[in-house]
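Reader: Could you walk me through this one at the level of individual side chains? I'd like to go topic by topic.

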Amino acid sequence: MTSTNKKGALLFAGGLLLGGLVATNHWSSVENSISLQLDDVKAELSETKVALAEAQEALAQVNVQGEAATEHAESLAQQLEEKQAEITALKATLGEKSRTYAGKADAMEKTLEEKSVAIAQLKKRVTDTDVLYAERYRLTKAVSDLNEKILKGAHKLELSQKACSEFKKGNSWNKVSENDCDNFNALKAENNAMIEQFDHLSSDLDKVKRELSAFGNVPLPDHP
């Protein structure tokens with residue numbers, strides 16, 4: 001081999017070696033870049049997994065809270081339904097009591113009206129009785145006083161009649177006997193009038209006594 005051929009072979013071999021070195025350096029740089037990118041992706045993936053785990057945990061908590069909220073809502077709905085049933089039952093009870101008390105109120109009002117009438121009648125009866133007692137007292141006194149006057153008048157009339165008879169027989173004569181004789185008829189008429197008045201008063205007194213006796217037989221109204 002000539003020196004020229006040896007030099008060319010050396011240059012070719014050097015070119016290949018240099019090309020290999022360049023290629024090796026190029027692929028090493030690419031590999032490093034890919035490795036770095038892969039590390040970044042792995043880091044992002046790790047962060048994503050952590051975020052996913054946190055999200056899943058948060059979702060689980062939300063689900064638990066949702067279930068609790070659902071159970072609470074269902075409990076409240078049941079309580080509301082029970083309260084509504086209680087309100088309906090209470091309304092029915094109140095309605096029944098209202099009707100009952102309304103009936104009692106009507107009965108009490110009727111009883112009160114009856115008692116008011118009975119009290120008014122009793123008051124009138126007491127008033128009438130008081131009037132009758134006062135009238136009985138007045139008539140009793142009037143009859144007693146008139147009876148005394150009649151007795152005195154009868155005695156006076158008797159004396160006057162006796163004196164008049166003596167005067168008419170001529171056995172006695174004086175001014176008094178003459179006056180008694182002159183007034184005898186007047187005294188007799190006056191005494192008869194008192195007797196007639198006595199009869200009327202006695203009749204009125206008997207009537208008052210009968211009315212009082214009738215009042216005593218009337219039963220008093222019952223008290224509640």
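Author: What follows goes through the charged pairs, a surface patch and a few contacts between residues. Please keep in mind throughout that this is a predicted model.

Reader: Fine, let's start with charges. How many salt bridges does a search of the whole structure find?

Author: The search, run over the whole structure, finds 4 salt bridges. Among them is the pair Lys83 and Glu86, whose closest N and O atoms are 3.7 Å apart.

Reader: How far apart are Lys83 and Glu86 in helix H1?

Author: They are 3 residues apart in helix H1, so about one helical turn separates Lys83 from Glu86. As for the surface, Lys83 has a relative accessible area of 47% and is therefore partly exposed, and Glu86, with a relative accessible area of 46%, is partly exposed as well.

Reader: And what do the side chains of Glu135 and Arg138 do?

Author: Those two side chains meet in a salt bridge, with an N to O distance of 2.7 Å. Both residues belong to helix H1, where they sit 3 residues apart, about one turn of the helix. Glu135 counts as partly exposed because its relative accessibility is 28%, which lies between the 20% limit for buried and the 50% limit for exposed. Arg138, at 43% relative accessibility, also counts as partly exposed.

Reader: Which residue forms a salt bridge with Lys141?

Author: That would be Asp145, and the closest N and O atoms of this pair are 3.0 Å apart. Lys141 and Asp145 are both in helix H1 and lie 4 residues apart, again about one turn of the helix. Lys141 is partly exposed, its relative accessible area being 44%, while Asp145 counts as partly exposed at 31% relative accessibility.

Reader: Switching to the surface: which residues gather in a patch of negative charge?

Author: The patch of negative charge on the surface brings together Asp39, Asp40, Glu44 and Glu47. To take one of these residues, Asp39 is located in helix H1, which covers residues 3–169, and its relative accessibility of 41% makes it count as partly exposed.

Reader: Now helix H2. Is Ser202 buried or exposed?

Author: Ser202 counts as buried, because its relative accessibility is 18% and the limit for that class is under 20%. It is part of helix H2, which runs over residues 175–217.

Reader: What lies 2.8 Å from a polar atom of the Ser202 side chain?

Author: It is the backbone oxygen of Phe198 that lies 2.8 Å from a polar atom of that side chain.

Notes
Residues numbered from 1 in each chain as written. Predicted model: local features only at pLDDT ≥ 70, side-chain atom pairs only at ≥ 80, totals over all residues. Heavy atoms only, no water. Patch = residues over 30% accessible without salt bridge, like charges linked within 9 Å, V, L, I, M, F, W, Y side chains within 5 Å. Areas by Shrake-Rupley, 256 points an atom, 1.4 Å probe, with all protein chains shown as cover. Lys, Arg positive; Asp, Glu negative; His and termini not counted. Charge placed at Lys NZ, Arg CZ, Asp CG, Glu CD. Helix = DSSP H or I, 4+ residues; strand = E, 2+ residues; numbered from the N terminus. Buried < 20%, exposed > 50% of the residue type's maximum accessible area, 1.4 Å probe, protein only. Polar contact = N/O pair within 3.5 Å; in protein donor to acceptor, adjacent residues only side chain to side chain.
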